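Where is space left between the atoms, and which residues surround it?

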Amino acid sequence: MPIRMPGTARLWAAGLFALTALGAQAADGPVNAGPYVPSPQSVVADMLKIARVGPEDYLIDLGSGDGRIVLTAAQVFGARGFGVEIRDDLVRQANAAARAQGVAGRVHFVKADLFKTDISRATVLTMYLLPDTVNLLRDKLATELRPGTRVISHDYPLGGWDPVEMVHMDLEAKLPISGVTTTLIYLYHVPENVAGRWRAAVPTSVSRDAIELDLQQAYTRLRGEARIGPARVPVGDGRVIGRKLSFTLNAAGKVHTFEGEVDQESARGTVTTEGTRAAWRAIRMTKAD
Ligand SMILES: C[S@@+](CC[C@H](N)C(=O)[O-])C[C@H]1O[C@@H](n2cnc3c(N)ncnc32)[C@H](O)[C@@H]1O
């Protein structure tokens, strides 16, 4: 999983403090997910490039401000989609810009609470929101978005989600926004739900008989246990990124590294043992709640 450049915790924390300080919690009504602070246009372009947005995509921006992410996605990358924004004036401004730019047939903006918005249609979801809000959204993203959907977060990570890519840059334009030049863009792929009990046919280098895997999942992380004959072996380094699955089993003194692809109730891939690769496949016997 390529991580282009990890951000420094110190600078990230400084930026986090600045944006948090700008936000104010509304006493009643929708949760204030962040003040209106537009992403610099160069960051918008990078967010869309990192997500590899194209004409096939349906992009949703949560807290769309003046609409620049959705408008750029339509104008430059040919995508469709919508932005959801709580401020009436910004929604009107963004819809007027869509008409002026000739993309109103492909994108629109709605005044609504992003926490209550149906996001299931997205193939790409973007956000530039307060760090706490980003984490409040983790379950909504995991359950409403289809596996493989690309999620882009400007500056703040989704806790417990392993990014596919994290890009760090220094931009003067961020100084008035967050007090630091540090800019981080996180790309995630929504993980397939793989929790449950699986039966796997594996090469004889792992086991002569089929093995049973009991997998528990928290976002992109997997843990659990494998039954290999009479032995019970912990699942190590388990990850699900989009539909891609990987984990290790340490059995009879050998480390077996499994990689594969999940398609709802079945999985297949290769297992590498001491440099030798062989095929494995599995079906899910019981899905976890
Ligand atoms: C930091 S700005 C990001 C604007 C735009 N996405 C961008 O990157 O340029 C966050 C936006 O979220 C909006 N917002 C805050 N809470 C919201 C909520 N509960 N529902 C919808 N929009 C919200 C704010 O009004 C603000 O315009």
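## The second largest cavity

About 40 Å³ of space lies in the second largest cavity, where a cavity is a set of points, on a 1 Å grid over the protein atoms alone, at which a 1.4 Å probe fits but cannot get out. The volume is the space filled by probe spheres set on the points, which are joined across faces, edges and corners, and by this rule there are two cavities of 30 Å³ or more.

This is a predicted model, in which local features need pLDDT of at least 70 and side-chain atom pairs count only at pLDDT 80 or more, while totals for chains, interfaces and linings use all residues. Residues are numbered from 1 along each chain as its sequence is written, and side-chain values use heavy atoms, with hydrogens and water left out.

The second largest cavity is lined by Trp 198, Leu 213, Leu 215, Leu 245, Ala 267, Trp 280 and Ala 282, a lining residue being one with an atom within 4 Å of a point. These divide into seven nonpolar, no polar and no charged residues, where Ala, Val, Leu, Ile, Met, Phe, Trp, Tyr, Cys and Pro count as nonpolar, Asp, Glu, Lys and Arg as charged, and the others, Gly among them, as polar.

## The largest pocket

About 460 Å³ of space lies in the largest pocket, a pocket being an open set of points with protein on both sides within 12 Å along at least five of seven lines. Of the 31 residues that line this pocket, the closest to its centre are Gly 34, Pro 35, Gly 63, Glu 85 and Leu 129. By class, the lining has 18 nonpolar, seven polar and six charged residues.

## The ligand

The ligand sits in the largest pocket, which requires that more than half of its atoms lie within 2 Å of the grid points. Its shell has 15 nonpolar, six polar and four charged residues.

A backbone N or O atom of Gly 63 lies 2.7 Å from a nitrogen atom of the ligand, and for a backbone N or O atom of Leu 114 the distance to a ligand nitrogen is 2.9 Å. A polar side-chain atom of Asp 113 lies 3.0 Å from a nitrogen atom of the ligand.

Technical notes
Polar contact = N/O pair within 3.5 Å; in protein donor to acceptor, adjacent residues only side chain to side chain.
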